[in-house]
Amino acid sequence: MATQPISGIQFVTDSKGRKLAVQIDLRKHRLLWEDLSDGLMATARRKGKSVSCADYRAARIKRSRA
């Protein structure tokens, strides 16, 4: 099943035609890239240590007074 090419998006393939990477024209698809980037950051931080809202606020107030 062939897909229609999308203006401003180009796939990089290997010698067997398998998609390896994608090039995105950021002038045309800036919002798409921002969404992808946000999703990648959220996934990367998923296993990170969380901070309660109260702890964050206390630390923020402490930093602003210093």
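Where is the place of His 29? Select this residue: His 29 lies in the loop between β2 (19–24) and α1 (30–45), where helices (H or I, at least four residues) and strands (E, at least two) are DSSP runs numbered from the N terminus. The model is a predicted one, in which local features need pLDDT of at least 70, side-chain atom pairs count only at pLDDT 80 or more, and totals for chains, interfaces and linings use all residues. Residues are numbered from 1 along each chain as its sequence is written, and side-chain values use heavy atoms, with hydrogens and water left out.

His 29 counts as buried because its relative accessibility is 18% (buried is under 20% relative accessible area, exposed over 50%, partly exposed in between; 1.4 Å probe, protein chains only). Leaving aside residues up to four places away in sequence, His 29 touches Ile 6, Ser 7, Gly 8, Ile 9 and Ile 24, contact meaning heavy atoms within 4.5 Å. Next, display the backbone oxygen of Ser 7, which the side chain of His 29 reaches at 2.8 Å.

Turn now to the charged pairs. The structure holds two salt bridges, each defined as a side-chain nitrogen of Lys or Arg within 4 Å of a carboxyl oxygen of Asp or Glu. Select Asp 14 and Arg 18: their closest N and O atoms are 2.8 Å apart. Arg 18 is partly exposed, at 48% relative accessibility.

Finally, select Asp 25 and Arg 27, whose side chains meet in a salt bridge at 3.4 Å, N to O. Arg 27 is exposed, with a relative accessible area of 75%, whereas Asp 25 is partly exposed at 22%.

Terms used: A polar contact is a pair of N or O atoms within 3.5 Å; within protein, one must be able to donate a hydrogen and the other to accept it, and residues adjacent in sequence count only if both atoms are side-chain atoms.
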